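Visitor: Could you pick one part of this and take me through it up close? I'd like to see how it sits with whatever packs around it.

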Amino acid sequence: MPESRAVVPTPHASRYLQQLCKHWSHRFEIESSATLARIALPLGETRLSADAEALTIDLSADDAARLPGLRDVVVRHVERFAFRETLSFQWS
């Protein structure tokens, strides 16, 4: 199963995690707390972890061809909530 990870430095990680979960809760299966989340998207699974310094995003997809699209969707949504700061997503 293809996977990708980004550690995004931000002091607002928990806020973004919670906003993303709330935003998608009406459309997708979500398990979440203030610091951990799992979101089942059609493109693949998104797992989030928040601490005082960063938001860690772990993505997995059944097909490697879906991974770039999943990255794009997650980045666009997180950036929408982080409009007051510029975030850096370095995927590995």
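**The sheet and what lies on it**

Guide: Let's start with Glu 31, whose bridge partner in β3 is Arg 38. β2 and β3 run antiparallel and are joined by four bridges; two strands count as paired if DSSP finds at least two bridges between them. This is a predicted model, where local features need pLDDT of at least 70, side-chain atom pairs count only at pLDDT 80 or more, and totals for chains, interfaces and linings use all residues. Residues are numbered from 1 along each chain as its sequence is written, and side-chain values use heavy atoms, with hydrogens and water left out.

Now zoom out: the open sheet has five strands in the order β1-β5-β4-β3-β2, with antiparallel pairing. Its edge strands, β1 and β2 (29-32), each pair on one side only. Strands here are DSSP E runs of at least two residues, helices H or I runs of at least four, numbered from the N terminus.

Finally, look at Leu 55. Leaving out residues up to four places away in sequence, Leu 55 touches, among others, Ala 6, Tyr 16, Leu 48 and Val 78, where contact means heavy atoms within 4.5 Å.
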